[in-house]
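Welcome! Have a look at the structure, try each task yourself, and then read on.

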There are 2 protein chains.
Amino acid sequence: MTGRPSERPQRADARTNRGRILDVAEDVFGKGGESASTEEVARLAGVGIATVFRHFPTKATLLEAVLVRRFDRLREQAEALLDAADPGEAFFDFFRLLVADAATKIAIGEALLDAGGDGDGDTAEAANGLRRAVGGLLRQAQQSGAVRGDIELPEVYALLVGTSRAAAHARLDEEIVARMLVIVFDGLRG
Amino acid sequence: MTGRPSERPQRADARTNRGRILDVAEDVFGKGGESASTEEVARLAGVGIATVFRHFPTKATLLEAVLVRRFDRLREQAEALLDAADPGEAFFDFFRLLVADAATKIAIGEALLDAGGDGDGDTAEAANGLRRAVGGLLRQAQQSGAVRGDIELPEVYALLVGTSRAAAHARLDEEIVARMLVIVFDGLRG
C-alpha cells in the first residue's frame, strides 16, 4: 500500500471541499449571532449550497462534525502534553487554553441545539475523549506534586466547565478571566 | 398614619393573588422544562388566566417580577449577614447558598429570554443590588483575614457565576458541587 495513486481528482477535491466547509463553519458558527447560516458557510467557502448538503445532509450534521473535529484536535494537543517536561505547567496551560477556547465551543454547541441536534453519539464520544485526556494531564500533574492529590477529575472538570461558562457567558475581559484562574489554580495547587 | 384601615377587601385580595401567582410562577418556571406555562401557573394558583394577565400583562413581566423578588430576597439575606459573628463563614456560606440556588434562577432567566424579555431594567437593578451585597460580604471577610486581600469582586463574582453555571448546566450531584467548592474556597482563603 503506497498511498492511493489511483484516486481520482474529484475525490481529492471532495476532501478539500469538506475540510474547507468545516473550517468556515467553525469560524461562522463559532462567532455566534443571528446571521450564522449554512448559506453563509457555502458562500464564504466558495462552494454551492448543494455541495455543503452533499457532505452534510443537515445543519446539525455539519455542526456535529465541526464539534467532533474541535474536540479531537484539543484531545490530540492534550495527549501531546503528556510528554511535557513540567507536568504542572502543562496542566495549567491546557486548562487556560480550554477556557480561552470556550466561547467558540459554546456558540457552536448552542447552534447545534437550535438546529435540533442533541450532541450525543459522535460528539459525546469526542467530548469524552478530551475529558479522558485532561484526566491524564491531571494525574501527571498530581504525581509531580504540582496539583494536590486529594481531588479527582469530576470536580476539576466541573471547575473547567464553570470557568469556561463564566468567561463565555459574561464575555468577561481577559484580565478578569486571568484573575479568576489565579484563584482556581491556587486552590488546585499541591 | 396607622396602616390602611380604609383599604377595601378587593385590594387586599389582589395583593394576596399577586403574591400567590409569584410563588407558583417561581416554582413552575424554576423547574424549567417544556410544560412550564402561564396557564399552568394560573391553574396551580387557583385563579383565572385573566387574573394573571391583569397583574402581569405579559409572560415576560411575570418572569421579571419573579426574578426581581428572588434577587431582592437574596440581597436581604446577604445584608443580614453583614452582622455575622464570623465574616469568613458568612461569606463562604452565602457563596454556597447562591450556587445551590442557581439552577432555579437560571431556568427562570432562560424562560424570560424565551418570552422575549431581556433582563434589563428592574431585573438588572435587582441583580446589581445582590452583587453589591456580595461585595460587602467579601470586603468584610477580607478584613477579618478569612479571604485573601489581593482579589476583587469582579473575579469573585465570575467564579460565583461559573460554579453556579457548572452546577446547573451539568445537573451535577451535590457531592461533586461540594468538592468543586472546596477547591475554589481554598483558592479564596486568606
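**Exercise 1. Find the residues with the most contacts inside the largest nonpolar core.**

Step 1: settle the terms. A nonpolar core is a set of buried Ala, Val, Leu, Ile, Met, Phe, Trp, Tyr and Cys residues joined through C-beta atoms within 7 Å. A residue is buried if 20 or more other C-beta atoms lie within 10 Å of its own, exposed if 12 or fewer, and partly exposed in between, with C-beta atoms placed from the backbone.

Step 2: look up the core. The largest one has 108 residues, and those with the most contacts inside it are A:Ala25, A:Phe91, A:Leu137, B:Ala25, B:Phe91 and B:Leu137.

Step 3: zoom in on one of them. Leaving aside neighbours within four places in sequence, B:Phe91 is in contact with B:Leu137, B:Leu138, B:Ala141, B:Ala146 and B:Val147. Here, contact means that the C-beta atoms of two residues, placed from the backbone, lie within 7 Å.

A word on the model: it is predicted, so local features need pLDDT of at least 70 and side-chain atom pairs count only at pLDDT 80 or more, while totals for chains, interfaces and linings use all residues. Residues are numbered from 1 along each chain as its sequence is written, and chains are lettered from A and ligands numbered from 1 in the order in which they are written.

**Exercise 2. State how confident the predictor is in chain A.**

Step 1: pLDDT is the predictor's confidence in each residue, from 0 to 100.

Step 2: chain A averages a pLDDT of 90, and 95% of the residues score at least 70.

Step 3: for the complex, the predictor gives an ipTM of 0.84 and a pTM of 0.85.

**Exercise 3. Describe the secondary structure and domains of chain A.**

Step 1: chain A has eight helices and zero strands. These are DSSP runs, numbered from the N terminus: helices are H or I with at least four residues, strands are E with at least two.

Step 2: chain A is divided into domain 1 (8-57) and domain 2 (61-188), with bounds from an automatic or database domain assignment. The C-alpha centres of these two domains of chain A lie 26 Å apart.

Step 3: eleven residues of domain 1 of chain A are in contact with eleven residues of domain 2 of chain A. On the domain 1 side, helix 1 (residues 9-30) of chain A gives the most, with five residues.

**Exercise 4. Which elements of chain B touch chain A?**

Step 1: 21 residues of chain B are in contact with 21 residues of chain A.

Step 2: helix 7 (153-169) and helix 8 (174-188) of chain B are the elements that give two or more residues to this side. The largest share, ten residues, comes from helix 7 of chain B.

Step 3: the side of chain B that touches chain A divides into 13 nonpolar, four polar and four charged residues. Ala, Val, Leu, Ile, Met, Phe, Trp, Tyr, Cys and Pro count as nonpolar, Asp, Glu, Lys and Arg as charged, and the others, Gly among them, as polar.
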